[in-house]
Amino acid sequence: MPATPDSRSAPPSAPAGPPPLSAEDFKRAGDRRRVNANRAAPRRRPWMLLWLLIGPGILVMLGENDGPSMISYAQTGAIYGIGFFLPFIVLTFVMAFIVQEMTVRLGAVTKLGHAELIYTRYGRFWGFFSMADLVLGNLLTLVTEFIAIRAGLGFFGVAPEVAVLGAFLVVGAVVLTRRYWTWERITLGLAVFNLIFIPVAVMAHPAAPAVVHAFLTWRPLPGGVNAQFVLLLMADIGATVTPWMLFFQQSAVVDKGLTAEDIGHGRADTAIGAVVAAVAAIATVLAVTPLYSHHVAAGNFQGAEFAQSLRPYVGRVGATLFALGIFEAGLVAAITISSSSAYAFGEVLGHPHSLNSSLREGWPFYAALFAAAGVAAGLVLIPHAPLVFIVLIVNVIATLAMPPAIVFLLLLVNDREIMGEHVNTRLANVFGIGVTILLVLAGLAYGITTVLPQLLPT
Amino acid sequence: MNLPAPDSDREARRHPVGPPGEAWVRETLEPEQLAKAPPRFGRASLSRGTVLLLWALRIYVVLMTCLVGLQIWRALHADG
């Protein structure tokens with residue numbers, strides 16, 4: 001079936017002249033000048049080049065170590081301790097790297113964001129088809145980020161209204177720099193604090209031989225395969241592999257100005273992000289293992305409850321760091337996910353869509369960003385809003401929505417007309433299809449345990 | 001046509017990132033990196049098999065999302 005025609009479907013025609021420049025072109029060119037100067041220098045500085053080119057990959061991986069993700073990891077550690085889930089979390093980050101690396105190539109080669117590319121290539125119908133999950137998923141996820149912010153700061157006695165409004169203002173302040181580079185570096189600086197879970201893990205004194213044993217054998221798995229196991233499996237996958245990551249990283253790669261020459265560095269950026277985020281995720285699991293050892297029922301805990309419950313085992317400092325970690329996870333994700341929504345909005349409607357845009361040129365982009373963050377922040381403050389419900393479903397929905405998103409990703413990255421020599425290799429396709437099948441199977445397992453819970457022990 | 005738009009000119013003066021003028025911008029960026037670059041790619045059609053796959057996955061997402069709702073409803077009911 002051919003894609004539905006629309007007003008943006010006209011084939012490319014020869015431009016009458018060079019397009020006029022906009023503010024974002026000047027800023028992006030400024031960033032590229034530094035990259036080019038480094039490449040052209042008689043004595044190349046590889047680390048400086050890496051520093052200039054990293055960003056989207058680390059941000060997307062640490063951005064996805066968000067509020068609900070860290071809570072999922074904490075619940076995993078509290079319920080299952082050191083065992084199966086440690087290597088499983090590493091596997092989820094391998095899956096995340098496989099799909100995110102494709103977005104780097106797509107962005108660097110086509111210079112179009114993910115939503116824009118689907119629209120351009122397959123038309124309005126399939127564009128909206130692929131966007132439906134993103135819009136719902138991003139709104140729900142943003143709500144959970146503000147829940148995490150509220151919970152993290154709630155540990156310190158900060159009122160919910162103050163926490164949420166303060167976080168909203170931080171998101172706005174970072175964005176209003178109107179400079180992608182500045183936005184990226186500030187957000188990277190905040191994202192580093194995701195590693196705050198490492199000292200908490202050290203304070204929890206996990207048994208090193210048990211950790212090694214878990215990585216080597218994927219065991220133990222207390223309680224075996226049951227409904228709770230399947231739910232946490234889905235939540236941990238959704239904590240690492242989600243549709244917004246595809247849209248965000250490709251748009252950020254384009255906004256940063258990466259070109260085909262930078263694909264290797266983009267790949268390294270994504271790998272570094274995956275490794276750092278996996279370490280933070282595993283540290284979170286290890287940090288809460290005292291709750292597992294002491295049989296603390298943590299199934300319905302949110303961020304602040306984890307910090308309070310950990311206090312007897314990791315001390316006041318450890319509990320404080322844990323609460324700060326939950327707050328940071330929510331804040332960084334609020335910044336990246338609201339940007340992801342704004343990028344997709346601008347790409348789909350044909351408005352300027354860059355963090356380099358001036359306010360005058362890019363006001364619809366900034367308005368969309370503030371609207372996304374504002375609606376989510378507002379929902380969190382509604383009395384008796386079903387916040388626990390949203391936290392419970394957000395990662396599961398992300399996992400369920402991922403297979404269609406990966407199909408579009410694979411279609412685009414295998415399109416030789418747009419990708420040229422950077423088209424997917426056979427091995428990359430095997431991995432990509434493998435990830436899709438794995439996600440569908442995990443979803444089906446979840447569905448079966450929901451419809452027929454008697455099949456598995458409770 | 002080649003003159004910077006007033007807005008971009010103002011931004012460039014406010015946040016100087018390179019030499020004056022716009023020639024350096026065009027030299028530095030690839031033509032398709034410009035914000036107002038014309039579209040380069042035409043439309044591609046999806047094969048019948050791909051369309052079927054996408055619809056099958058859409059049905060899968062809708063059904064599974066309903067099951068998520070069912071599970072949450074059960075959980076809330078059990079708590080109540």
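1. Basis of the note. The model is predicted, with local features requiring pLDDT of at least 70, side-chain atom pairs counted only at pLDDT 80 or more, and totals for chains, interfaces and linings using all residues. Residues are numbered from 1 along each chain as its sequence is written, chains are lettered from A and ligands numbered from 1 in the order in which they are written, and side-chain values use heavy atoms, leaving out hydrogens and water.

2. Contact between the chains. In chain B, 57 residues are in contact with 73 residues of chain A, where contact means heavy atoms within 4.5 Å. Together the two chains bury about 5800 Å², with 66% of this on carbon and sulfur atoms. Buried area is the accessible area (1.4 Å probe) that two parts lose on being put together, summed over both.

3. Salt bridges. A salt bridge is a side-chain nitrogen of Lys or Arg within 4 Å of a carboxyl oxygen of Asp or Glu. Over all chains the structure holds 18 salt bridges, and the count between chain B and chain A is 3. A:Lys111 pairs in this way with B:Glu32, their closest N and O atoms being 4.0 Å apart. Within chain A, A:Glu417 and A:Arg121 form a salt bridge at 2.9 Å, N to O. A:Glu417 lies in helix α18 (residues 416-419) and A:Arg121 in helix α6 (residues 114-154), so this pair ties together parts that are 296 residues apart in sequence.

4. Helices α8 and α15 of chain A. Helices are DSSP runs (H or I, at least four residues), numbered from the N terminus. The axes of α8(A) (residues 180-191) and α15(A) (residues 303-349) come within 9 Å and cross at roughly 150 degrees. The two helices are therefore roughly antiparallel, a term for angles over 145 degrees. Axes are lines fitted to C-alpha atoms over the stretch in contact, and angles run from 0 to 180 degrees between N-to-C directions. Residues that meet here include A:Trp183 of α8(A) and A:Ile335 of α15(A). The contact comprises 8 nonpolar, 3 polar and 1 charged residues; Ala, Val, Leu, Ile, Met, Phe, Trp, Tyr, Cys and Pro count as nonpolar, Asp, Glu, Lys and Arg as charged, and the others, Gly among them, as polar.

5. Helices α2 and α13 of chain A. Helix α2(A) (residues 46-53) packs with α13(A) (residues 263-287) at an angle of about 75 degrees, their axes 9 Å apart. They are therefore roughly perpendicular, a term for 65 to 115 degrees. A:Leu49, A:Leu50 and A:Leu53 in α2(A) meet A:His265, A:Ala268, A:Asp269 and A:Ile272 in α13(A).

Notes
Parallel < 35°, antiparallel > 145°, perpendicular 65-115°, else oblique.
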